[in-house]
Amino acid sequence: MAIRLVLAEDNLLVREGVRQLLGTVADIDLVAVCTDRDSLLAAAEAEKPDPVLTDIRMPLDNADEGIQVAGRLRETSPGTLVVVLSQYSDAEYALKLFDHGAAGRGYLLKERVSDVEHLVGAIREVARGGSIVDPKIVEVLIAARERRAESPLRSLTAREREVLGDIAQGKNNAAIAADLFLTERAVEKHINAIFSKLGLSEEHDVHKRVKATVIYLAEQSRPAATR
């Protein structure tokens, strides 16, 4: 039986290119073509496709609509599988897509859509309930894991990371306390813990904040992926 597919892509050239490519494949029936998140959700509900093939970023917000749709369909229509197309080899996007399991999910880079065998092979694999991840994404995920393992920030708690983020913005203790709904004494305790974990306890107070900020910003500037 043919694989019933819904395509969602807001870029006209990419959309028409993929439509033409899939039109050459006998076992794929393209039942709907959409240009944004809401029309994709409506088509998924109306057509009950086997998988949907969707861009990550689409109107209305051009954020991670494809990932949002995948999450929504996991709840409302578990039988509808999802292949995401992206120009971003972003570990964060991939982790969100596979957050509740990889079965029936695929993440491909748009640079490969012209390879019809690769694209159709991914659609078929996901339609069978399998999963597919672009090799570049695998490399990015491995690199992201290595960065996390090496990061001096890995020992900080979530709250300590929030405090450090405010320090990096130049906020004083009172401003941090107001921002995070803490007492100034609690902020001081968190800051002392941060300095200790980052090995800055012996530094002058001003230098501690500067060096902690440098460490924080250096970590943030390491790309989890090519954005």
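## Basis of the model

Residues are numbered from 1 along each chain as its sequence is written, and side-chain values use heavy atoms, with hydrogens and water left out. Because the model is predicted, local features need pLDDT of at least 70 and side-chain atom pairs count only at pLDDT 80 or more, whereas totals for chains, interfaces and linings use all residues.

## Nonpolar cores

A nonpolar core is a set of buried Ala, Val, Leu, Ile, Met, Phe, Trp, Tyr and Cys residues joined through side-chain atoms within 4.5 Å, where buried means under 20% relative accessible area (1.4 Å probe, protein chains only). The largest such core has 25 residues, of which Val6, Leu40, Val84, Leu97 and Tyr107 touch the most other members. Elements giving two or more residues to this core include strand E1 (3-8), helix H2 (37-47) and strand E5 (105-109); helices (H or I, at least four residues) and strands (E, at least two) are DSSP runs, numbered from the N terminus. Another core, of 18 residues, lies apart from it, with Leu5, Val25, Leu53 and Leu108 among them.

Leaving aside residues up to four places away in sequence, Leu40 touches Val6, Ala8, Cys34, Val52, Thr54, Met58 and Val69, contact being heavy atoms within 4.5 Å.

## Val140 in helix H6

Val140 is found in helix H6 (residues 135-150) and counts as buried because its relative accessibility is 12%.

## Second largest pocket

Residues lining the second largest pocket include Asp64, Arg74 and His100.

Technical notes. On a 1 Å grid over the protein atoms alone, a cavity is a set of points where a 1.4 Å probe fits but cannot get out, and a pocket is an open set with protein on both sides within 12 Å along at least five of seven lines; lining residues have an atom within 4 Å of a point. Buried means under 20% relative accessible area, exposed over 50%, partly exposed in between (1.4 Å probe, protein chains only).
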